[in-house]
Amino acid sequence: MVWLLLGTGIFYSLRLGLPQVRHFGHMFSVIFKGRKSAEGGITPFQALCTGLAAQVGTGNLAGVATAIVSGGPGAIFWMWITALVGMATIFGEATLAQVFRVKSSDGTYRGGPAYYLEKGLGQRWMGVLFAFSIIVAMAFIFNAVQCNSIAAGLRGAFQLNELYVAITVIILTALVIFGGLRRIAQVAEVIVPLMAGLYILGSLYVVLTHISEIPAVFSLIFKSAFGPKQVAGGVLGHTVAMAFRYGVARGLFSNEAGMGSTPNAHATADVRHPARQGFTAMMGVFVDTILICTATAAIILLSGTVDSGKTGVELTQLAVDATLGSWGPTFIAIALMFFAWTSILGNYYYGESNLMYIFPNCGKSGLTVYRLMVLGMLLFGATSSVPFVWELADFFNAIMALLNLVGILLLSGVVIKFMKDYENQIKAGIDDPVIDKEKFSSYYNR
């Protein structure tokens, strides 16, 4: 799976002419200009935050620590490289999600891999299988895992009972998801930038208070990425292959580029040209992996706790405690709570969008049943731990990714056409390109 995801990222990077490099500045300008560009629908910024809500989760805290322990500091370099190629992959996913989306009865849009597998490739069976897989894996099981992380984190920091935590999470989640996509997007627009900003500021404080050690840390990362390097006083030895393996895996599964999840959020944005949301989606990978995962890595590597014998979120907590002081565990518990809760909201919406794909006429009663099932899984996740269930989630996650990769590889020609049309309008001096649906009627009329 890692090789398929990485290979797809390299393929798209080459086919699109390295858009993550050529249009790096444009990616930022699209974000800052896009907050008020939509009227009456979901803005590009809200769609980005909805996608980031699911992208940024406990893996940004625990996964990075595991990658460093298992693959060495060099894993961080390969995590960066994976993010760069993943930016091209997610550009393709978001563009296709925009092209082949449909309009809901409430005026909002929905789309994603299930929709472009059917409308783009003419394979509804693939769309249905993808939709079923993402509902089971993300809306149900992964949400249970996130709630389990919230309960465990708050129990460790404040000795709170898991059941009470679960009930609180369920109530807060219900208040948002019963308001539909618009309320989810509105909450994500506020919470996601706030939580990401505070976490990055915390890491910047660590960096600034250890500024003299930064050159040595970067030197360690690069040396470990390209050659055998012993760290932690010789206790741990890591090879290039291990750094590559764990860095790539962490990067791919953190930003979800190619997994088929984030296109469901980017399909909702009210934009004038599909490729514009592709650039917005690229920003999601940049924020998730280059900024937030790197922030975690900086805290761990500057803390001197890599040889503590801890891994996962325990290592991150120990590192924060060593660098930020006694309020470190509280900082991590709060960050973990917000990261996990916003993931629950994003994952819920992915499931809703795909439920509507399989059963477009399920109505409010069908959605209510689905919402209650999601809330029930939160209670299950906070109070249970069944390894088989988590393995089942990995299985369905793999099906999702495989189907999505087939779709975006076979439809790469479509992405190229829309990309060229967007670039031609930019070159002609058009600041906000508009798609000519008559010109591309063969795609829009499917």
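**View 1. The two sides of helix α17 in a predicted model.** On one side of helix α17, Ser 365 and Leu 372 are exposed (over 50% relative accessible area, with a 1.4 Å probe and protein chains only). The buried residues of α17, for which the relative accessible area is under 20%, are Leu 367, Tyr 370, Arg 371, Val 374, Leu 375, Met 377, Leu 378, Gly 381 and Ala 382. Seen down the axis of α17, these buried residues fall within an arc of 150 degrees, taken from the directions from the helix axis to the C-beta atoms, so they line one face of the helix. This is a predicted model, in which local features need pLDDT of at least 70 and side-chain atom pairs count only at pLDDT 80 or more, whereas totals for chains, interfaces and linings use all residues. Residues are numbered from 1 along each chain as its sequence is written, and side-chain values use heavy atoms, with hydrogens and water left out.

**View 2. The span of helix α17.** The end C-alpha atoms of helix α17 (residues 363-383) are 31 Å apart, which agrees with the 30 Å that its 21 residues should span at 1.5 Å a residue; the expected span is 1.5 Å times one less than the number of residues. Helices are DSSP runs (H or I, at least four residues), numbered from the N terminus.

View 3. The structure holds zero disulfides, a disulfide being a pair of cysteine sulfur atoms within 2.5 Å. Cys 293 is in no disulfide, and the nearest cysteine sulfur, that of Cys 49, is 17 Å away. Cys 293 is buried, with a relative accessible area of 0%.
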